[in-house]
Structures are given as C-alpha cells and as structure tokens.
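I opened the model to look up a few packing details. My notes follow.

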Amino acid sequence: MDYSFAEKEDLVKVNVLFFAKSRELVGENRSEISITSRSVTTDQLTSFLLETFPSLKPLKQSMIIALNEEYLSEDETICLSNGDEIAIIPPISVSAMTDIVELSNEKLNVEDISKSVTLPNCGAVSLFIGTTRDHFDGKEVLSLQYEAYHTMAKKKMFEICQDIRNKWNVGKIALVHRLGEVPVAEASVIIAISSEHRKESLEAVQYAINTLKAVVPIWKKELYRSSSPEWKENTEYFWKKEGCCNFKML
C-alpha cells in the first residue's frame, strides 16, 4: 500500500516495517510512504507516521523508531533517501570470524552450541539457557512465540559480542535465539562463552543476556490455555532504564 503526506515533486519514498504488536495494529508487514522533505527531525517523522498510521496510537508512549537498523535519538535531524527502511519498534517483550550469532526456527541443541565455543586453550565454558516456563501470573502457559527484526537483531547481537571482547578476555562466543513457537521446557535462547578462567566467561554471559534483553529487537507472545495470548512488554528494554532517555519515545 502506498501512502503520501502531500503532493510534491521529488518525494522521498521509504519503506516502513512493522513488527509484533505494531504489525497486528496496522494489519501489514510493510508499507511504502512518500515524505515531502529529505531532511526531517525525529519529532517530524514521528508525527508523519502517526498521521499516516493512526492505528499505531495505542503504542505512542512505548514504541520507538529505527532508521536503517539504527535507533533514532530524540533530537536527531536525519537525511532520508529513497529506499530507506524505517522500522516501528514496539515494546518488547564483533568478531564475525569467530563468534556465532544465529536466529533459528529449529529446536536449539545445548550440547552442539556448547561444543561450538570450546577451545583447547580455554578451561571454562559458561552457559545461559532461557526456557519456556509453564505459568505466568497465575495463568497456564502453553508455549511462547518469538518474532524478530532479523537484520537489526543480528547486527545488535554482533555488537554485543564486540562489547564483550572489549571488556573481557574470552575465547569464543555464541548467541543463539529461537524464533517461532517454543513449547514449555524448550530453550528459547542459549548463550555460550569460553575463556581461559571461569571468571571472565561467567561475567560475560551475564552481561550478554542482560544486554540482549535491553537492545535486541525480539518480541515474545505468551499463549495461555484459558485466556487470550499476549505480547509481553520487555521491562529490560533500554528506554525503560534510567539514563537512556536520550532515545526517542513515542
């Protein structure tokens, strides 16, 4: 579907991507829109988007915007080009040569991922395994469903790997997240990090899962036995934390 804000020569045509709750509200995965100015502020872009997609208004206070896989800050002025990707990010819930970053629709294998980071010169492999539990807030959970902004998610995951290498002396890193439906007791995320001594990999694993929850655009829907499914807001996402208010909140 093609939307335009006004008629003008030399319009900038950009693609708007929708995920999770924003996709459900708008009713489509992407739309092409035409913007009358190449140079806009984040506030102006926000107004354009809410005017063009009024069904997004319920998310006004909790979603942000990403341009070409980078979050926009509050007072930023941006220069748009034809073909740019603007992503509507609803609330949630690098060393490419050696590190493993994967988004998979298949069941995760803990042993294989652990082996993938094991090195002869490392005496420790630390793991974090996040699994689907069978209850939440008194409701029986049947399964979880995960959705991601793939390219941006992998980019942010590689950035986490690089941050870890800047902070700790580690061997190999694996960040693997499952997408689609994840039944009870199965793994949704596995983080494995090797190091010469245990201290480095243990600290790095904790940092990795905390940062992944805070910056990687992956969303979770809980499916219940006796009530409607719900997208879970991720309270660890960066705009929820003090000191992160320099990012645009709509």
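The model is predicted: local features need pLDDT of at least 70, side-chain atom pairs count only at pLDDT 80 or more, and totals for chains, interfaces and linings use all residues. Numbering runs from 1 along each chain as its sequence is written, and side-chain values use heavy atoms, with hydrogens and water left out.

I placed Ser 143 in strand E12 (strands are DSSP E runs of at least two residues, helices H or I runs of at least four, numbered from the N terminus). Is Ser 143 buried or exposed? Ser 143 counts as buried because its relative accessibility is 3% (buried is under 20%, exposed over 50%, partly exposed in between; 1.4 Å probe, protein chains only).

Next, the cores. The largest nonpolar core has 28 residues (buried Ala, Val, Leu, Ile, Met, Phe, Trp, Tyr and Cys joined through side-chain atoms within 4.5 Å). Ile 164, Leu 175, Ile 191 and Ile 193 touch the most other members. Strand E12 (139-148) and helix H4 (150-167) are among the elements that each supply at least two residues. Apart from this core lies another, of 22 residues, including Ile 33 and Leu 67.

Last, I checked helix H2 (residues 42-52): its buried residues are Thr 42, Leu 45, Thr 46, Leu 49, Leu 50 and Thr 52. They lie on the same side of H2, because they cover an arc of only 165 degrees around the axis (taken from the directions from the helix axis to the C-beta atoms).
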